[in-house]
Amino acid sequence: MSNEAYVAVCFGLTWIVLVVYAVIIFQRHSRAAAELAAVGALEMEAEPKDADVVTVTHATMELVR
Amino acid sequence: MSMRNKGKSPAPPRNETRVPRWLVLLGPVSLLALIAAQAFGILTSPPDRDMGHLQKIMYVHVPAAWMAMLAFTIVFVASIAYLWRRDERYDLMAASAAEIGVVLTGLALALGSIWGKPTWGVWWTWDPRLTSTAILFLIYAGYLALRGFTDDAERRARWSAAVGILAFLNVPIVYMSVRWWRTLHQLPSTAETVDSIYAWGLRLNAIAFLLVTLYLLGRRYHAARVQRMAENRLEELSLRGAYV
């Protein structure tokens, strides 16, 4: 292998490693963001709905009256 | 009469996952800087008297090694900061920097090996610099493996911080190895020690690698924070019995 070929391999390897690692980081970020969104949806389900709050409030008001 | 739920919105606000603007901008800036620095190095460097065109490998091998050292220094500082402040952000920074350090050390070892074959005649030799760098790589790979041993975030952070501080002891050994035990590997290549015609190529490539490293570190840290946020909120939900 010529000297120029060794140089080309080194520069090529550098780019491959940096680009592949950057892609892995981007994928991790996307996955983490999706997980956070899924947790947000679960939290929404766990929270009392406005309708429930309104019903209880009206019932309470009736009792007070 | 209508009453609205005034509590904190459970849906994640968009800015929690959004990458900071400066970091988004740093991506193309570091990319262009790396292309420009490498083009400068390749186009302006005449063949070396002894190594010929192989000298150009210095523009990727040396900056990769320097940035790995920088990453491990960040691990060291962040580990101390974690043990002092007990703020999980320092733990995430240390973990992100360790990962980048391992990637760059692996790259520096591979590039050094490819450089070694035509200049020394061997892919690998148990030279003190090479051996201490390989040990450095294994220690920090171990650090990353250790983080997977426990699900307890606080314990994981404490263990990792201790290892992150102890592992750093090897960094000055790697740096000084070529001075303490002069064998096959040459003395450190810096802009001051190489021929002046190669100095600017090395400086520019080091700056470009620094920008790339900071960009990758920023992105990795941000991804880790989003991940931790999701884990913490899921744990909170589990404790409330809302999710099993």
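Student: Where is Ser177(B) found?
Tutor: Ser177(B) sits in helix α7 of chain B, residues 170-180. Helices (H or I, at least four residues) and strands (E, at least two) are DSSP runs, numbered from the N terminus. This is a predicted model, in which local features need pLDDT of at least 70, side-chain atom pairs count only at pLDDT 80 or more, and totals for chains, interfaces and linings use all residues. Residues are numbered from 1 along each chain as its sequence is written, chains are lettered from A and ligands numbered from 1 in the order in which they are written, and side-chain values use heavy atoms, with hydrogens and water left out.

Student: Is Ser177(B) buried or exposed?
Tutor: Ser177(B) has a relative accessible area of 0%, so it counts as buried. Buried means under 20% relative accessible area, exposed means over 50%, and partly exposed is in between (1.4 Å probe, protein chains only).

Student: What does Ser177(B) touch?
Tutor: Leaving out residues up to four places away in sequence, Ser177(B) touches Pro128(B), Arg129(B) and Ser132(B). Contact means heavy atoms within 4.5 Å. With Arg129(B) there is also a side-chain to side-chain polar contact at 3.2 Å. A polar contact is a pair of N or O atoms within 3.5 Å; within protein, one must be able to donate a hydrogen and the other to accept it, and residues adjacent in sequence count only if both atoms are side-chain atoms.

Student: Zooming out, how many helices and strands are in chain B?
Tutor: Chain B has eight helices and zero strands. Along the sequence the pattern reads α-α-α-α-α-α-α-α.

Student: What box do the C-alpha atoms of chain B fill?
Tutor: Roughly 90 × 35 × 30 Å, taken along the principal axes. Of the 244 residues in chain B, 45% are buried. Among contacts in chain B between residues at least 6 apart in sequence, 77% join residues at least 24 apart.

Student: What span should α8(B) have?
Tutor: At 1.5 Å a residue, the 44 residues of α8(B) should span 64 Å, and the end C-alpha atoms are 63 Å apart, which agrees. The expected span is 1.5 Å times one less than the number of residues in the helix. Just after α8(B), Gly241(B) takes a positive phi of about 75°.

Student: Which residue other than glycine has a positive phi?
Tutor: Arg86(B) is one, with phi near 55°. Arg86(B) is in the loop between α3 and α4 of chain B, and its 44% relative accessibility is why it counts as partly exposed. Most residues other than glycine have a negative phi.

Student: New topic: how many salt bridges are there over all chains?
Tutor: Eleven over the whole structure. A salt bridge is a side-chain nitrogen of Lys or Arg within 4 Å of a carboxyl oxygen of Asp or Glu. One of them joins Asp91(B) and Arg147(B), at 2.9 Å from N to O.

Student: Where do Asp91(B) and Arg147(B) lie?
Tutor: Asp91(B) is in helix α4 of chain B and Arg147(B) is in the loop between α5 (128-146) and α6 (153-167), so the pair ties together parts that are 56 residues apart in sequence. Asp91(B) is buried at 3% relative accessible area, and Arg147(B) is buried at 10%.

Student: What about Glu99(B) and Arg220(B)?
Tutor: Glu99(B) and Arg220(B) form a salt bridge too, with the closest N and O atoms 2.8 Å apart. That pair links helix α4 to helix α8 of chain B, 121 residues apart. Both Glu99(B) and Arg220(B) are buried. Elsewhere, salt bridges that share partners join Glu88(B), Asp91(B), Arg147(B), Arg228(B) and Glu231(B) into one network.

Student: How many residues does each chain give to the contact between B and A?
Tutor: Chain B gives 52 residues and chain A gives 37. The two chains bury about 4100 Å² between them, 75% of it on carbon and sulfur atoms. Buried area is the accessible area (1.4 Å probe) that two parts lose on being put together, summed over both.

Student: How many salt bridges are between chain B and chain A?
Tutor: Two. In one of the salt bridges, Arg233(B) meets Glu43(A) at 2.9 Å, N to O.

Student: Which elements give two or more residues to chain B's side?
Tutor: They are α1 (14-17), α2 (21-44), α3 (58-85), α4 (88-120) and α8 (196-239) of chain B. The largest share, 15 residues, comes from α8(B). Chain B's side divides into 36 nonpolar, seven polar and nine charged residues. Ala, Val, Leu, Ile, Met, Phe, Trp, Tyr, Cys and Pro count as nonpolar, Asp, Glu, Lys and Arg as charged, and the others, Gly among them, as polar.
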